[in-house]
Amino acid sequence: MVIGCSGLSKIEVPEELLAEEDELRIHYFYEDANAANGPNEQTHVAWWSEEIHMSDADREVLQATILHNVRDETGRQTADVIGLTRFPIVVLVNDKEIVLKTDDLNEVIDFLKKNRQGS
């Protein structure tokens, strides 16, 4: 599943998820089936994020970044707020809005390369 860019800006992104001006922030959300919580045994959504620079449009750098496993109890609530229903998914945001949602790392790299060339 790959989610395109149409309608992404209609989702209001909480300020704490946005990037600094002229930067991007990558958020990676995935379900941890081994960490079900709550009475309905809903899977835990793990969430990791980091500021990225256009020069980081490299598969090895992004894979190493995404492999970090940081548990955050607000992962599912954050995913819900920005409209995520399927996992794993990578979300790129700038200082105003979501610019890309995808489960394809190559699409992230292509997006970064395209935007770096346009800079």
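**Figure 1. Confidence along the chain of the predicted model**. The protein chain has a mean pLDDT of 76, and 63% of its residues reach 70 or more. Within the protein chain, the confidence is highest in strand 4 (residues 98–102), with a mean of 95, and lowest in helix 1 (residues 59–66), where the mean is 62. Over residues 1–7 the pLDDT stays under 50, and for this segment the model has 14 contacts beyond four places in sequence.

Figure 2. A polar atom of the histidine 27 side chain lies 2.8 Å from the backbone oxygen of leucine 17. When its neighbours within four places in sequence are left aside, histidine 27 is in contact with Leu17, Trp47, Trp48 and Ser49, as well as with Ile89, Val90, Val91 and Val93.

**Figure 3. The aromatic pair of phenylalanine 29 and tryptophan 47**. Two aromatic pairs are present in the structure, and in the one formed by phenylalanine 29 and tryptophan 47 the rings are stacked, at 5.7 Å centre to centre and with 5 degrees between the planes. This pair links distant parts of the chain, since phenylalanine 29 is in strand 1 and tryptophan 47 is in strand 2 (residues 42–52), 18 residues apart. Both phenylalanine 29 and tryptophan 47 are buried, and tryptophan 47 is also among the residues in contact with histidine 27.

Terms used:
Residues are numbered from 1 along each chain as its sequence is written. This is a predicted model: local features need pLDDT of at least 70, side-chain atom pairs count only at pLDDT 80 or more; totals for chains, interfaces and linings use all residues. Side-chain values use heavy atoms; hydrogens and water are left out. A polar contact is a pair of N or O atoms within 3.5 Å; within protein, one must be able to donate a hydrogen and the other to accept it, and residues adjacent in sequence count only if both atoms are side-chain atoms. Contact means heavy atoms within 4.5 Å. pLDDT is the predictor's confidence in each residue, from 0 to 100. Helices (H or I, at least four residues) and strands (E, at least two) are DSSP runs, numbered from the N terminus. Rings of Phe, Tyr and Trp (its six-membered ring) pair if their centres lie within 6.5 Å; planes under 30 degrees apart count as stacked, over 60 as edge-to-face and the rest as tilted. Buried means under 20% relative accessible area, exposed over 50%, partly exposed in between (1.4 Å probe, protein chains only).
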